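These are my notebook entries from going through the structure, set down in the order in which I looked things up.

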Amino acid sequence: MPPTMTSPLSVSTAATPRATTTHLSIDGVSKRFGSFTALDNIALEIQEGEFVCFLGPSGCGKTTLLRTIAGLTRQSAGRLTQRGKDISMLPPQARDFGIVFQSYALFPNLTVFNNVAYGLRNRRVERARINDRVAELLALVNLTGSEAKYPAALSGGQQQRVALARALATEPGLLLLDEPLSALDARVRGHLRSQIKALQARLGVTTIMVTHDQEEALTMADRIVVMNHGVIEQVGTPAAIYHQPASAFVASFIGSMNFLEVTAQANRQALLGNTPCACLPHTIAVGQAAQLAIRPEAVALSLQARALKHQAGALNGEVVSIEFLGAFQRVTLRLPEDHQTLIADVPSRDSSKLSLYVGQLLAIHLPAEAARLYAAGSSQQ
Amino acid sequence: MMAESLIKAATKPSLESLIRLLVLLAGVALLVVGLLFPLVTMLLKSLQDRAGDFIGLANFAHYFQTPALVNSIANSLRVALMTTGVVVGLAFLCAYGITRTCMPGKRLFRMLAILPILAPSLLPAISLVYLFGNQGFLREVLAGQSIYGPIGIVMGMSFWIFPHALMLLTTALTNSDARLYEAAEALGTPKWRTFLTITLPGVRYGLISCLFVVFTLAITDFGVPKIIGGQFSVLATDVYRQVVGQQNFQMGAVVSVILLLPAVLSFIVDRWIQRRQVAQLSARAVPWQPTLSPLRDWVFALLCYAVAGAIVLVIGTAVYASLVQFWPYNLSITFEHYTFQGMADGGWGAWFNSLKLAFSVALVGTLVIFFNAWLIEKSEGFRPLRQGLHFMAMLPMAVPGMVLGLAYIFFFNQAGNPLNWLYGTMMLLVLNTLVHFYTVCHLTSVTALKQLDPEFEAVGASLKVPFWTTFYRVTLPVSLPAVLDISVYLFVNAMTTVSAVVFLYNSDTRLASVAVLHLDEAGYFASAAAMAVLIFLTSLVVKLLHAALTHVLLNNAQRWRQAT
């Protein structure tokens, strides 16, 4: 049973796991604007209490999908079902959601109290209960005492939290966040990220957040939906998205990634120039051009002298540049055979052993379990 | 495609979207009945003979074969072009003085400069007769030329059109980017080159737009040439003469169609310019601040105060003329003329009618126009309807008052029209005035609404609050300054207009501005002046109240408007 308006928001009641029931299912949703296809046959299920991020570059359709779920944009085709009820044709007023916009859209002429109470007023709730509920919500977002202030008198982060409290006031079953942090500066952003995540976990409200910031998605989401050109590229947990990218696009969009031009060989093998490299199982035909993707932190460097020259996946490279990035050093190497460049992140405590300098020749090891093969030319965003 | 049409068919209209649709349809109906139908009726009338039979372009052929009528085209063009030259030239210099120099007394000048807007265009014409007419105390200045004719018309029009041009050009010149001027200075550019390469290109759209607005106002004005034109006829007075004097409605329609052309042309040019003018000034522009330059500042101050002096002289003359016993023989002061003995049914009744009209238009018009603009700008769905409404809202700007008034006669005075009962009523005058001045108010509303966060309505909907609640709790209060501007604009225009309503009153609904015309025609010049002054003072008082109210409201709103 969902908590009633005045029930205390205790951890025990709010965060009851309901994770096996579907909250929202999106079934074959498409949206066309003239000849432009913003969403192409999207299918997705979102579980009760889940925190899902729509991640992708601008123009990928993530905001359109969010607005479609809210009913602010009407889909050209497809069905939306929320808690078993077909909402495809319902106007926003008849759907069950709260929303926080990028601009917050706080009403400038209303106080913080009236902004938060905006949706409660309409429900003929007694004044005393409204007061209680607003106080409760403001306490939840750490803004107790700001009731009488106007939005213009608040900082960006505070405005953001008022918008969040306003969206939660009517206890929606679904919380929609449209790039809620992108208007804030980096320090506030990091702080709010964990606050929102903690709040969501505490209330247990199913949440969908749109973002173009991969770090935001990786740190906050239970599951990430990576989108590009109006289609879903991959759905998965942050770890799965990061470690097992399903496509070259996902691999290049999340985190840093090296792409080396190779020729596919028989299973678990590719040819980099003339050097054979081991990789994870792939389905590309032998002899086809392909790209070998490997994260900079997976690349292992070692001194020439100690390199095992004839081991599969062992290569040589010349250091072209070294960037100091605090916790690690980013080393750019040139592979001698076909002048491809490779980036390796070397943790600071390892780099002293290598005593790195530009022009140095190093042995490179590409671990097979971190090397994935994708069809050539598929990484363009 | 099949699936899409199925989706559309299956859309269940909620109560809210139903209400939205009904209000939208009401808005469209208002402008169809109040603008489109009358105009179409008028166009048809120009192609019919007296019996109502279709005769093609025969009326036009007849028109162009009558030298007395065709001359008016040349006359109209002549006075309109001269007025445009005088007004835009002076207004540009004064606007430059206000925005680009450190001349003293800018605020006082701006206040004096907008006074003509508060008076009917009949007032300067009456004053000019007192100043330069056969018994005027400045008649020697004209060196034997008569004020009754093109000279008087140009002077009178220049007086009341000047504030419009000044406001447009001040706005255009205010938008400057100091960084460009600094760059020019750093490169050692001489002042005149800076003016030609930075200042003029920066205001070119504002300047062109201003030229067309002034030209349209001048060519369509009725009040000034009616009073001071003498035998010199222009298109607007021809419409009046054909209809009221000779009861030749078909020819009136023909002249109206011809009068419509320059206005439509100017409207199209203006729209085209507006579209090109998008974001000329980047958000990062730094406003340019003038520095002291005594010679330049005093030259501009002298010029501006010469203009302000002329304005005060014209208004002062009207006031004085309304107060003296019998110009120029008995100059003792009296309030006798304010009893309006020249009018059988008393002049104060007409003034009261005008007041009723102005308040009704200000109240109804502001609500209708702002709400319609909100529907167009901020609501979802019914796209064709919203676009149609927007198009019709832009149209009145291209329709001169005389044309609209005549079109109303044709449409509402038809025997078979079920709305026939409206003819001659105050309601019809309200409708006519509302439509006549619709466009400027619509544009003001749209500009104000575009400045609001686009997601207010979406937030309201997500919180299950009906759209009208969000409208009156958020949108309306936040846009209040614009709403007040619209209402005072409508009030003043309803108070001063004469061109459209001159065809539409009956004995119970005669208006003050029309009374000025009748008193003047009947030879009661001092009473005509008194009525014109009365209109001016009424507008002035309302304008001052508006300023005070805006000040109080903005002060109250400071609490939330000001970021801390």
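**Entry 1: helix 11 of chain B.** I began with helix 11 of chain B, residues 235-245, in what is a predicted model. I noted that eight of its eleven residues are buried, so the helix is largely enclosed by the rest of the structure. Listing the buried residues of helix 11, I wrote down B:Leu235, B:Ala236, B:Thr237, B:Asp238, B:Val239, B:Tyr240, B:Gln242 and B:Val243. Just after this helix I found B:Gln247, which takes a positive phi of about 55 degrees.

**Entry 2: other backbone points.** I then asked myself which residues other than glycine have a positive phi. B:Ala143 is one of them, at about 50 degrees, and I located it in the loop between helix 6 (122-132) and helix 7 (150-174) of chain B. B:Ala143 counts as exposed because its relative accessibility is 65%, and the cut-off for that class is over 50%. With a relative accessible area of 29%, A:Glu171 is partly exposed. I also recorded a cis peptide bond from B:Trp327 to B:Pro328, with omega near -15 degrees, and placed B:Pro328 in the loop between strand 1 (324-326) and strand 2 (330-333) of chain B.

**Entry 3: record annotations.** In UniProt, an unreviewed entry places the feature "domain: ABC transmembrane type-1" at residues 73-270 and 351-546 of chain B. I looked up both spans: residues 73-270 are 76% helix and 0% strand, with end C-alpha atoms 22 Å apart, while residues 351-546 are 73% helix and 0% strand, with end C-alpha atoms 20 Å apart. For chain A, UniProt (unreviewed entry) gives "domain: ABC transporter" at residues 24-254, and I noted that this span is 36% helix and 26% strand, its end C-alpha atoms lying 26 Å apart.

**Entry 4: chain A as a whole.** I counted out the secondary structure of chain A as ten helices and 20 strands, and its C-alpha atoms fill a box of roughly 80 × 45 × 40 Å along the principal axes. Of its 381 residues, 52% count as buried. Among contacts in chain A between residues at least 6 apart in sequence, I noted that 67% join residues at least 24 apart.

**Entry 5: where chain B meets chain A.** I asked how many residues of each chain are in contact. The answer is 33 residues of chain B with 35 residues of chain A, and the area buried between the two chains is about 3,000 Å², of which carbon and sulfur atoms give 59%. On the chain B side, B:Leu463, B:Lys464 and B:Arg473 lose the most area to chain A, together 24% of what that side buries. I found one salt bridge between the chains, in which the side chains of B:Glu455 and A:Arg67 meet at 3.2 Å, N to O.

**Entry 6: salt bridges within chains.** A search of the whole structure gave me 16 salt bridges over all chains. One of them joins A:Lys62 and A:Glu179 at 4.0 Å, N to O; the pair links distant parts of the chain, with A:Lys62 in helix 2 (residues 62-70) and A:Glu179 in the loop between strand 7 and helix 6 (186-203), 117 residues apart.

**Entry 7: a surface patch.** Last, I looked at B:Leu18, B:Leu22 and B:Leu25, which form a nonpolar patch on the surface with about 270 Å² of accessible area together. B:Leu25 lies in helix 2 (residues 15-45) of chain B and is partly exposed, with a relative accessible area of 38%.

Key
Residues are numbered from 1 along each chain as its sequence is written. Chains are lettered from A and ligands numbered from 1 in the order in which they are written. This is a predicted model: local features need pLDDT of at least 70, side-chain atom pairs count only at pLDDT 80 or more; totals for chains, interfaces and linings use all residues. Side-chain values use heavy atoms; hydrogens and water are left out. Patches are made of residues with over 30% relative accessible area and no salt bridge: like charges are joined within 9 Å, nonpolar side chains (Val, Leu, Ile, Met, Phe, Trp, Tyr) within 5 Å. Accessible areas come from the Shrake-Rupley method with a 1.4 Å probe; for residues, only the protein chains shown count as cover. Helices (H or I, at least four residues) and strands (E, at least two) are DSSP runs, numbered from the N terminus. Buried means under 20% relative accessible area, exposed over 50%, partly exposed in between (1.4 Å probe, protein chains only). UniProt positions are given in the numbering used here, feature names are shortened, and annotations may be inferred rather than shown by experiment. Contact means heavy atoms within 4.5 Å. Buried area is the accessible area (1.4 Å probe) that two parts lose on being put together, summed over both.
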